[in-house]
Amino acid sequence: MAPNPRRAFRPHRKPWILILALIPLAAALGGCGWGRNGREAGPGGIAQRRTASLERLVQASAGGRVVPFDHAMVRIDQRLIQSLLRASMPLDYGVGGQFRILIDSAQVNFQDGLALVRLGGGVRSLGAASGEPFARVTFDAELKVLEFDPALHNLRCRLYLLDFTLDATGPAGASKDLIERLGRFGLDALGPSALTLPIPIQVDPQIRLPEVGPSGEIRIQPAVVPLRIAVTAVTAWRGRLWISLLVRVAAPGAADSLHAPVDSSTIRPSTPPFWKRLVHARQDQDYIQKLRDTLDLRVSRDSLLLPIVRDSGDVVLAVRQGLVRELLEEATTRYLRHVELDIGSNLQIHEGGELSAKTPFGQAHAGDWLVHITFKRLQAILSAAPPRLTVQNGNRVHMVVPATIHQGEGAATLDFTWHPTALASMVCRGFTFSEKIEGVVMPNTYDLVGDFNVFARGGAIVAEPVVSVQKYPLMLDLTPDSWARARHALVEQDKLLRCGLFMNPENVMQKLHRLAAVGIKVRLPHVIFQRVEFPASLTRFVQTGGRWMEIVAIPNELRVTSQAFWYSANVSADPSLRPPPPPGTLPSGAVRQDSLPQ
């Protein structure tokens, strides 16, 4: 069994000497405030939480990575969270009908697995209209991502109070009694209630693809891909908040939802006596540094996480390549399960060739024939199977969609023209005939080929289809009646005084059958592939403390590795002078109107 690193530290051989030396320091520290009444016994309890959280990070990284990243991940710098928190200041509320607290400062520290927030403010008696506060109150809290706003699809976090400190600011005699009375209320009564904070990330539990039609060459019903999204881990590390998202396609009939990780805020480590904390302070710091060094070493070997760690942006959105493939496959399969094509309007076929005839001098060129078919209607039903996707160099995803054309029908005008040579025209005159024909589109299977460029736009990661120039053959066959009328028109010319000497109707009919078998090559409308926006994106407006804040960002280019797509942005939060767009008016699958501009 590997030795426990914490046991490697041995306490001082003469602890009583160290204790005596630290008595003055203990007295000084004990006199910093008049009272304390928290859930945890001050900094020692928080230090223990930090050590325990850091140990959990090291343990988790031994079998995987420091930050879970199986599907998608959001990384937010603590400076942005701090600016949003300060934007909600001041917080003004009463306590017990006797005091008033005005919270006016906030500091954030995301390190070692703990997202710690320190709030500070002044305390006045309720009847005091002015003057300096008689005490300062400091709250230590932990930030946890626990809530999901179903209306705005926003992630929200909540502050859980851990401890508080009261410090006198006025004359000692006058303040001591008031502070002692105030401290009796306890942490729950003194702290601000239900303090929540929005995270400027919008998570949409659906991918929506728009309707195409009903007019035009193609009709596609709208499609929705419901997603099951879970916040699987929230990691505070290196001054950032790392939010790991699990994204899955929801089963049919399942409700859209976003879940939060299990709250561990009720876990309260026991706090050792004050003198023991002083004795072990140095060895705990050495132990914590060893844990940090272990994490740094493991991250340096993580080719997936290391580039994201090194990025200096305030916000990072990242998705694994496997998730990109999965969502594109599901969206394409659902969207193309029933596609109605009506591509015959003004579609034309031109085909021609030579006819030879036997003469006393052997085979001779008798003339040229030309077929011109103008479609008035050409309709068919297309359905697609799950596509095959590969991520190519750069940011391009190549897609091959097995698709089946089911039997369709069409109507056209067939114009046939015969041009005899000069020699043949002496006994065979030229002619033209026109017939209205009808036919069917023969069932066939194709591989539809398309490409998507993945890039950052409007605060989101988007897969944009590339317009394809690929053409696909539609196999045609005329109805028996149409073939009969075409043959009848040719037979009418197979007479001695017309073209019976040089043109054989059966030869011409064979050429027309071969022409139908080859089919007509058509280019499918480009809207058959639609843009897909991945579920997490930056929002442009957030509300905190009753105030609307506008998120202003300078996005960086999308970065592509062998395992993930990700991009970052430098973000600031400014008070908004205009109201945000109404909730519920922001369609997914399109560039959001409340998203950041490109």
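In the predicted model, the largest nonpolar core holds 138 residues, of which Leu-119, Phe-139, Ile-201 and Phe-416 touch the most other members; a nonpolar core is here a set of buried Ala, Val, Leu, Ile, Met, Phe, Trp, Tyr and Cys residues joined through side-chain atoms within 4.5 Å, and buried denotes under 20% relative accessible area, with exposed over 50% and partly exposed in between (1.4 Å probe, protein chains only). A second, separate core comprises 23 residues, among them Trp-237, Leu-295, Leu-304 and Trp-566. Residues are numbered from 1 along each chain as its sequence is written. Because the model is predicted, local features need pLDDT of at least 70 and side-chain atom pairs count only at pLDDT 80 or more, whereas totals for chains, interfaces and linings use all residues, and side-chain values use heavy atoms, with hydrogens and water left out.

Leaving aside residues up to four places away in sequence, Phe-139 touches Tyr-93, Ile-103, Val-117, Arg-118, Leu-119, Leu-161, Asp-163, Phe-164, Leu-187, Leu-190, Gly-191 and Pro-192, a contact being heavy atoms within 4.5 Å. Over the chain, 73% of the contacts between residues at least 6 apart in sequence join residues at least 24 apart. Of the 598 residues in the chain, 47% are buried.

Aromatic rings were compared by their centres: rings of Phe, Tyr and Trp (its six-membered ring) pair if the centres lie within 6.5 Å, and planes under 30 degrees apart count as stacked, over 60 as edge-to-face and the rest as tilted. The count by this rule is eight aromatic pairs. One of these, between Phe-431 and Phe-433, is stacked, with 6.5 Å centre to centre and 10 degrees between the planes. Both partners are buried, Phe-431 with a relative accessible area of 9% and Phe-433 with one of 12%. Together with Trp-369 and Phe-416, Phe-431 and Phe-433 form one aromatic cluster, and Phe-416 is also among the residues that touch the most other members of the largest nonpolar core.

Charged groups also face rings, a charge being taken to sit over a ring if NZ of Lys or CZ of Arg is within 6 Å of the ring centre and within 35 degrees of the ring normal. The charged end of Arg-75 lies over the ring of Trp-242, 5.7 Å from its centre, and that of Arg-320 over the ring of Phe-69, 5.6 Å from its centre.

The chain contains eleven helices and 29 strands, defined as DSSP runs numbered from the N terminus (helices H or I, at least four residues; strands E, at least two). Strand 10 (residues 223-237) is mostly covered, with eleven of its 15 residues buried. Strands are treated as paired if DSSP finds at least two bridges between them. Strand 10 pairs in the antiparallel sense with strand 8 (residues 206-209) over four bridges, where Arg-208 stands opposite Val-224, and ten bridges join strand 10 to strand 11 (residues 240-249), again antiparallel, with Val-231 opposite Leu-245. Two residues lie between strand 10 and strand 11 in their hairpin, in which Arg-238 takes a positive phi near 55 degrees.

Strand 27 (residues 547-555) is joined to strand 26 (residues 541-544) by four bridges in an antiparallel arrangement, with Phe-541 opposite Glu-550. The hairpin of strand 26 and strand 27 likewise has two residues between the strands, and Gly-545 takes a positive phi near 60 degrees. Strand 27 also pairs in the antiparallel sense with strand 29 (residues 564-575) over seven bridges, Val-552 standing opposite Ser-572.
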